[in-house]
Amino acid sequence: MTERPPFARPLAAPALPADLPLFALRSTIVFPHGRIAVQISSADNLALLLAHPDEGVHVVCVLEAEDGERGLFALEGRVGVLARLTDRRPIAGGIAQVTLEGLARVTVSGCVRDEVTGYPTARAEMAPEVESDAAAARALMQRVAIAADARAEIDTAFPPELPALLRREGESPSRFADLAAARGALRAAEKDAVLQRLDPLARLEFLAERWEREIARAKVHEEVRQETERRVDRHHREFFLRQQLQAIRGELGEADAGEGEIADLLRRVEESKLPPNVATEAKREIERLRALSTASSEHQVLRNYLEWVLTLPWQQRSGDDRVALEKVEEALDGRHYGLHEAKERILEYLAVRQLRGDRGNDPHGPILCFVGPPGTGKTSLGEAIAASIGRAFYRISVGGVRDEAEIRGHRRTYVGSLPGLFLQALRRVQVKDPVLMIDEIDKMTAGGPSGDPTAAMLEVLDPGQNATFTDHYLNLPFDLSSVLFICTANNLFDIPHALRDRLEVIRIAGYTVEEKVEIAWRYLLPRLFDEHGITDHDLQFTDEALGLIANRYAREAGLRTFERHIAALMRKRAKRKAEGEQGAWIVDQPRVEDVLGPPRFAPEAAEQEPEVGTVTGLAWTANGGELMTIEALMMPGTGKLTVTGQLGDVMRESVDAACSYVRSRGHALRVADPELRASDLHVHFPAGSVPKDGPSAGVAVTLAIASVMSRRPVRRDVAVTGEVTLRGRVLEIGGVKEKVLAAYRAGLRTVVLPASNEKDLRDIPLEVRNALTFKCVATMDEVLAEMLLPPKPNGFAEGLPLFDEVSRAPADVAVDDAPPPAR
């Protein structure tokens, strides 16, 4: 079998004249062996016709450039068509019509404008015809022919006779491609793109891709059209069927499904015993629902609204919670150790409820706010309260809430709208008087483009307003006054003042080591033994071992780390027991260190050795109280004061006031004024990456500066706190309980407090009060006399007296009406 030769190359055309008239086309192009009739109105083409009135004039046809005169230069190197002008018609109204017969492709080598005739001329050469592979050409021609058949079927603008014409030109790929481009419903730019390709295979590939893309697009359009028609037909069919069904049911005397749904809703309204205004609104919405078609989108929105109205507990209450107060107290003590203030407040509420005796007019439930460090049992205490008084319990976490609609709900105009968190909670518990725990209320985001959720909480937590709480979704008042709200927070002062004013704050400062040991025996160990599948015969604790874990591994206000370390011991024992090891483990210090590693804290965290310019202060944080060391250093200089440690403005002002006070007392401290002016002072607060602020470090800072200026050491076995004025008065501070517990945990046994804070000592646990010595002072002179020690034998101020006797301020110190909290 011999290989079929490639398509024969046509004979070369004769040489062309030097200059040929340039005929620019706008909306179409003529191909070789093609014939088109065009109307012309451009000045250049009309001038060409006037200059050559005879038939058969040869011209070079190109697609007109967009930039006019400059476009003549852009035509150099492009491919045009040598054509012959025939069948002229006279110019009428500035428009002429001629017929162009395409002869061959030419390559334009230059263009100039004839100044005499006024039209451009072109120098052109015959474009060489590229030979093409026969097999590749047949494959592409077949591909184009198939695409032409497909387009003729789905596209009404495509010439239906073109597929047959193309198959007649099967022996010439070049003429096949030109015919397809000329008749194939292409734009002028696409036709010109085919004209510029001298290789017939390139022309065929371009046409095949272009038509296949158009076929795919047309199929998508056709599918969309057919789907739209099917949907419209289905809706029409369903409408007519519903109308016929309704007519048939009417003839048979049967009610339709819509009427049955309406009747069911009306029955539920009557059975739900809704408040009168709510029942009236529900019936009005049911009548609106009756008039709507079930196919309407508003029908489902209205149906959901009615479901919410009918499923909310408008009248349902918890069971009779008038239990004996002794049993409630026992239940609370059985779940939590200590926390006497919170328990007492719940018992007071129940006592008032019992004395009133009228369930129809219940007293407003207290809105409690448990404030304390993490892990102190705030959330679990709420669960215990609900269980002890027989109420349903639900926890709502509002940490990170930044949209008012999460509290008040979305309006029904929004897609997917729902009521707020509180009505959702009431629907789940199905009673109107549950215990709702609002967790992490201090971490709500205040303000924003979507409204202020903390402002929305004002109505919820105000006993005078929440009886008519209106959710945006329901747009009906709902009585929240019977709900027992319990909030939790780590930092009370992160709650906006207006919201804080509505809360009964109960502080949970944290637990001492003794309390942690007792809690472990009562609550933690039984639960953890059960969770880990072992018993107290496998792992035996002692008070000393639990105290070691609490003091050396989990020195925190809460219990979470303490519980994790106990659980680590149990996991290790459970693993050994599963491996077959028998016998009991006695938990002692070597066993604890083997499982938990070296202790994280030293036996006594506070330094006890007296030092010059170093004082042990106390600080309050959201995680409880902490020790804070203040260091001062004096060096030769010019009297400059430097303060470091990432301090806030209030603490910096406290340092300035302390420095001024000490300089004013230089004579009493035996510090010469020239020495003060010739020395620089640097005050530093360690843990520089932790922000610090508040006035309660004033006493400690003043003491550190006085120590370094007088070169006398300070007692380090005593912790001090308090605010100092320029006159040396020691003012009241906050967070006394947390600070005292921090000193106790660190091993300090003496604390210096402002005299105005003596009243706060009753809030400190009894075992802590008995273990500590409190010195309440009213002036800095008392602090200096108590804390400054004699100079060291090798000190710079050897032989100086302890402290000059100076007049002491009266004990009744003036205190700000609302002292800021110590931080």
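How many cavities of 30 Å³ or more does a search of the whole structure find?

## Cavities

The search finds three, a cavity being a set of points on a 1 Å grid over the protein atoms alone where a 1.4 Å probe fits but cannot get out. The largest cavity has a volume of about 60 Å³, taken as the space filled by probe spheres set on the points. Its lining comprises 11 residues, each with an atom within 4 Å of a point; closest to the centre are Gly372, Pro373, Asn490, Trp620 and Glu738.

## Basis of the model

This is a predicted model, in which local features need pLDDT of at least 70 and side-chain atom pairs count only at pLDDT 80 or more, while totals for chains, interfaces and linings use all residues. Residues are numbered from 1 along each chain as its sequence is written, and side-chain values use heavy atoms, leaving out hydrogens and water.

## Parallel sheet

Five strands (DSSP E runs of at least two residues, numbered from the N terminus) form an open sheet in the order 8-9-12-7-13, with parallel pairing; pairing requires at least two DSSP bridges between two strands. Strand 8 (393-397) and strand 13 (504-507) each have a single partner strand, so one side of each lacks a neighbour in the sheet.

Strand 9 (residues 435-439) is joined to strand 12 (residues 484-489) by four bridges. Leucine 436 stands opposite phenylalanine 485 in strand 12.

Terms used
1 Å grid on protein atoms, 1.4 Å probe; cavity = no way out; pocket = protein on both sides within 12 Å on 5 of 7 lines; lining within 4 Å.
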